[in-house]
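Please read the following briefing alongside the sequence and the model.

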Amino acid sequence: MPPLGLLHMRAWASLFSRLLRPPGVVCIREVHFHSQVSEAVLTSQLKPQHEKSNFIIKTPKGTRDLSPQQMVVREKILDMVIGCFKRHGAKRLDTPAFELKEMLTEKYGEDSGLIYDLKDQGGELLSLRYDLTVPFARYLAMNKVKKMKRYHVGKVWRRESPTIVQGRYREFCQCDFDIAGQFDPMIPDAECLKIMCEILSGLQLGDFLIKVNDRRILDGMLAVCGVPESKFHAICSSIDKLDKISWNDVRHEMVAKKGLAPEVADRIGDYIQCHGGVSLVEEMFQDSRLSQNKQAIEGLGDLKLLFEYLTLFGIAEKISFDLSLARGLDYYTGVIYEAVLLQTPAQAEESLNVGSVAAGGRYDGLVGMFDPKGHKVPCVGLSIGVERIFAIVEQRMKTSGQKIRTTETQVFVATPQKNFLHERLKLISELWDAGIKAELLYKNNPKLLTQLHYCEHTGIPLAVIIGEQELKEGVIKLRSVASREEVAIKRENLVAEIQKRLSES
């Protein structure tokens, strides 16, 4: 029998001896034995750790760390996006990273299989949130909120095959803006499209186009083409793949995998090749088949009004009515939209094929799915594809060789002499108290050249230098790191002079 098995047998013998022993009597041999057992068990637990020679330290598939340089770029993008949301009067909201599983099921159609389920010791069935829209709808229903304009920035999780080079991950950040409430038609929808244009223009990603459609037009088109109503969601999901695969592949999926008649698929193909502006809306009004469908006519009427408002906002030329746009999520009920970047052939060779960079639409029935009485709160919103935008910006910065500052330090406190740590600490405290971003080296006696090299390497614009002579004269040397020019400033005027220079830079 192996040694550990022998120890187990002796442990049982020890247990019986304790049961028969009078209370309060301790056996020294037993204490020593238990020490041996503990040591043997601990050794057996630790030993495999030392033998993991093939252990690889890495992040889970579909996730990544973000370096300080990457975080600087990311924060600039998020600041610009959030600034736009605030400019349009949105309030910030946050929700838990995970929800009750039943809150998320049957909200995403075929994509429901991508939801991450969690094991919970408390008896609740939980899932990581798939997007920020469903939690928002749950929040509105739970708190009986009938009207709200909100934005939400947070991580979501999807169990899909990641394509890191295209900015697709299993864990990623979403930036959402939504308007909840009963309002006159298409005014909130037009504002959402205006926000998309403002953000994409502000980020200077290049020329872009926003495709729009309406789920009522889409459903009407499927009906007049001969698609059974029971297959609407499945066929919409196939059409939604047109930005990733060819029409022939989509048609094959509809016919071979989803049982659609070939002639029905061909009729769909005739429609989804149509795209244009308000003139196409007018043309669809005259279509012999589509004009007979009540749902489609309602959708076309709203799109006509939407283009009227988009013209007033000055963004109609950025919008294309595209009958191929489907947006596979089940909860959309009206207008849907998706923004894509337009590239010249030269740009296409250099850049990433990231797909859409923003998307959204109207979902009037989602809140009612959570309300016990089914009370609806109409909603419309958008989501900015931060990870995809970040992938584009990051690649462009690598191509250009642009250097990124990872700190915002404005002033470095230096000394040319030994035993001046106390004076440096007093001086930097004054700067911090005045709201100035300042640093020093964590050494008692650093060399001046080392300190100045640190300023140049990290891009700190100003340095203040204190030594014996400055201390006697009641001044501080203020050095411009870029030009290396130095001037003596009275100690009491130092903060004001620094603030003046920083405001001018």
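In sorting lining residues, Ala, Val, Leu, Ile, Met, Phe, Trp, Tyr, Cys and Pro count as nonpolar, Asp, Glu, Lys and Arg as charged, and the others, Gly among them, as polar. By that scheme, the lining of the largest cavity has five nonpolar residues, one polar and three charged. The model is predicted: local features need pLDDT of at least 70 and side-chain atom pairs count only at pLDDT 80 or more, while totals for chains, interfaces and linings use all residues. Numbering runs from 1 along each chain as its sequence is written, and side-chain values use heavy atoms, without hydrogens or water.

**Cavity**
- A cavity is a set of points on a 1 Å grid over the protein atoms alone where a 1.4 Å probe fits but cannot get out, and lining residues have an atom within 4 Å of a point.
- The largest cavity holds about 30 Å³ of space.
- Its lining includes Leu140, Lys144, Asp371 and His375.

**Overall make-up**
- The protein has 19 helices and 17 strands, which are DSSP runs (H or I, at least four residues, for helices; E, at least two, for strands) numbered from the N terminus.
- Of the 505 residues, 44% are buried, meaning under 20% relative accessible area with a 1.4 Å probe, protein chains only.

- Three strands form an open sheet in the order 2-4-3, with antiparallel pairing; two strands pair if DSSP finds at least two bridges between them.
- Strand 2 (98-100) and strand 3 (117-118) are at the edges with a single partner strand each, so one side of each has no neighbour in the sheet.
- Strand 2 is joined to strand 4 (residues 126-128) by three bridges, and glutamate 99 lies opposite serine 127 in strand 4.

How values were computed:
Buried < 20%, exposed > 50% of the residue type's maximum accessible area, 1.4 Å probe, protein only. 1 Å grid on protein atoms, 1.4 Å probe; cavity = no way out; pocket = protein on both sides within 12 Å on 5 of 7 lines; lining within 4 Å. Points joined across faces, edges and corners; volume = space filled by probe spheres on them.
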